[in-house]
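Please open the structure in your viewer and keep the selection tool at hand.

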Amino acid sequence: MAEENKVVAAMACLRAAGALVEILGALLMLKCSRVSAALRINAVVGLLGPAVVALVCALGLSGIAGRVSWVKMFIILCGSMLIVAATR
């Protein structure tokens, strides 16, 4: 159970880091006060979102790898890839 708690804590930390980047991006947009700069910042922040999702999913899959069949792991992996592909 302790190993599972470490995986959950790592997943939460990655999500918190992603949220921090989003908030910093929003503050930077407000500071720049130009639409062109805000669009560039938004593009960078938008690229980081799917990367965070992929990393969190990978951590989660590694945490349940021994308890789930390979077929279910493949289905979960395909679902994660579809989420990332749909956000591009």
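Select V53 together with R15 and I83: V53 touches both of these residues, when residues up to four places away in sequence are not counted. The model in view is a predicted one. V53 belongs to helix α2. Is V53 buried or exposed? With a relative accessibility of 18%, V53 counts as buried, because the limit for a buried residue is under 20%.

Now move to helix α3, residues 70–86. How far apart are the end C-alpha atoms of this helix? They are 24 Å apart, which agrees with the span of 24 Å that its 17 residues should have at 1.5 Å a residue. Within α3, select M73, S80 and V84, which are buried. These three residues cover an arc of only 40° around the axis, which means that they are on the same side of α3. The buried residues of α3 pack against α2, residues 35–64.

The following stop concerns charged side chains. Side chains of opposite charge can pair when their charged atoms come close. How many salt bridges does a search of the whole structure find? The search finds one. To view it, select E4 and R67, whose side chains meet at 2.9 Å, N to O. E4 lies in helix α1 (residues 2–32) and R67 in the loop between α2 and α3, so the pair ties together parts that are 63 residues apart in sequence. E4 is partly exposed, with a relative accessible area of 35%, whereas R67 is exposed, at 57%.

The final selection is of cysteines. A disulfide is a covalent bond between the sulfur atoms of two cysteines. How many disulfides are counted here? The count comes to zero. Select C78 and C57 and display their sulfur atoms. The cysteine sulfur closest to that of C78 is in C57, at 12 Å, which is too far for a bond, because a disulfide requires the sulfur atoms to be within 2.5 Å. C78 is partly exposed, with a relative accessible area of 28%. Finally, select C32, which is also partly exposed, with a relative accessible area of 29%.

How values were computed
Residues numbered from 1 in each chain as written. Predicted model: local features only at pLDDT ≥ 70, side-chain atom pairs only at ≥ 80, totals over all residues. Heavy atoms only, no water. Helix = DSSP H or I, 4+ residues; strand = E, 2+ residues; numbered from the N terminus. Expected span 1.5 Å × (residues − 1). Buried < 20%, exposed > 50% of the residue type's maximum accessible area, 1.4 Å probe, protein only. Arc of directions from axis to C-beta. Contact = heavy atoms within 4.5 Å. Salt bridge = Lys/Arg side-chain N within 4 Å of Asp/Glu carboxyl O.
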